[in-house]
Amino acid sequence: MRIHDPRIVGKLGELHVELQQGAALADLTSLRIGGTTDLLRIKKHESLPDLLNLLDANHVPHKFLGGGSNLLVGDGELPWVVLQLIRPEPDVVLDGNLAHIDAAADLGRMITFCAKNDLGGMEGLIGVPGTVGGALRMNAGAYGMQIGSYVREVKLYRAATGKIETLRGQQISFEYRHTSFAPDDMMLSVILELPSKPFKVILEGIRICNEKRRSSQPLGQKSAGCIFKNPPGASAGRMIDELGLKGLSVGDARVSDRHANFFVNAGHASAKDMLTLIADVRERVHKSFGVSLENEVVVWNA
Ligand code: EPU
């Protein structure tokens, strides 16, 4: 979707929003799949309510993009614009055991920065690509930990009220790959309370998680991490593997040979290829195991 109206373009400038016309979303997602649309990059959190009012008043639908690492975007010209926060400098400020983090901060860099300051707890998430905001929205987790356990408070743009709000404690719930945030809420910043640990100890934890990840996941390839959530008490990857589906392909979309719950873009896969592969694998798992796998990857299809 393109914003041509010079009135809207002018107002975006006033709101400190950078307009990048015809951005290729394939360049902004780890799967390297996705069509084109206008990208609105936001410098100031405070301008969000006015920006959203402007878009709503002009019937411009939108979606919020984080790091694009858990996302499958549709092909062709997309029927909505994309909003993304510009990362400020610094993006992490420490105050004792509290880390004040901008949602646009890179997750891995944030974990390393905190580690160097003897704050741990997040070792399991090292190697998970994406932004802190994205990790928060879906309660990213690995190796027995999840980001939600450390959250003290979250500042977000609440679509339901049209305001920037701060939520704490009981106002947010974190479950397995699920949170109480609404799909159209936009994470702005978070305060994590992290346990004190010597840098050396954190580093050892990071080394172990890195090794486990390297030995079981296709890290060098274009993917969105795990495609399906694990059903209660079972492993989606193991079920797909047991059916002998590693290597199954639709065009360049392919079930990884290394981890069956990772689907990789082995070349120039389209969203259509990937969606067909996802539907096919889901159906085969359902037929054999009677389990209906739920997507873990977020799909933005027109
Ligand atoms: N397995 C197979 N074949 C495969 C893949 C896995 O037999 O192709 C078996 C493994 O041998 C193991 C079991 O399935 O016995 C579980 O596999 P793994 O330890 O790799 O963990 P997972 O349940 O597949 C989850 C998360 C990952 C996270 C890892 C490590 C989900 C959907 N996935 O994977 O998260 O990195 O644990 O904690 O919860 C992601 O969220 O995108 C993601 C990759």
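**Reading a ligand site and its sheet**

Guide: The ligand is surrounded by 20 residues, the closest being Tyr-143, Tyr-176, Asn-230, Arg-238 and Asp-241; a residue is near a molecule if one of its heavy atoms lies within 4 Å of it. This is a predicted model, in which local features need pLDDT of at least 70 and side-chain atom pairs count only at pLDDT 80 or more, while totals for chains, interfaces and linings use all residues. Residues are numbered from 1 along each chain as its sequence is written, and side-chain values use heavy atoms, without hydrogens and water.

Visitor: Which polar backbone atom is 2.8 Å from an oxygen atom of the ligand?

Guide: A polar contact is a pair of N or O atoms within 3.5 Å. Here a polar backbone atom of Cys-226 lies 2.8 Å from a ligand oxygen. In the side chain of His-259, an N or O atom is 2.9 Å from an oxygen atom of the ligand, and for the side chain of Glu-296 the distance is 3.2 Å.

Visitor: Is Lys-229 buried or exposed?

Guide: Buried means under 20% relative accessible area, exposed over 50%, and partly exposed in between, with a 1.4 Å probe and protein chains only. Lys-229 is buried because its relative accessible area is 15%. Lys-229 sits in the loop between β15 (223-226) and α6 (236-242); helices (H or I, at least four residues) and strands (E, at least two) are DSSP runs numbered from the N terminus. Contact means heavy atoms within 4.5 Å, and the residues that Lys-229 touches include Tyr-176, Arg-177, Glu-294 and Glu-296.

Visitor: How many disulfides are there?

Guide: A disulfide is a pair of cysteine sulfur atoms within 2.5 Å. The count is zero. For Cys-114, the closest cysteine sulfur, in Cys-209, is 16 Å away and therefore too far for a bond. Cys-114 is buried, at 1% relative accessible area, whereas Cys-226 is partly exposed at 24%.

Visitor: What is the order of the strands in the open sheet?

Guide: Strands of a sheet pair through backbone hydrogen bonds, either parallel or antiparallel. Two strands pair if DSSP finds at least two bridges between them. The five strands here follow the order β6-β7-β14-β10-β11, with antiparallel pairing. At the edges, β6 (92-95) and β11 (163-168) each pair on one side only. Strand β7 (residues 98-102) is joined to β14 (residues 186-193) by five bridges, and Leu-98 stands opposite Glu-193 in β14.

How values were computed: Polar contact = N/O pair within 3.5 Å; in protein donor to acceptor, adjacent residues only side chain to side chain. Lists of a residue's contacts leave out its neighbours within four places in sequence.
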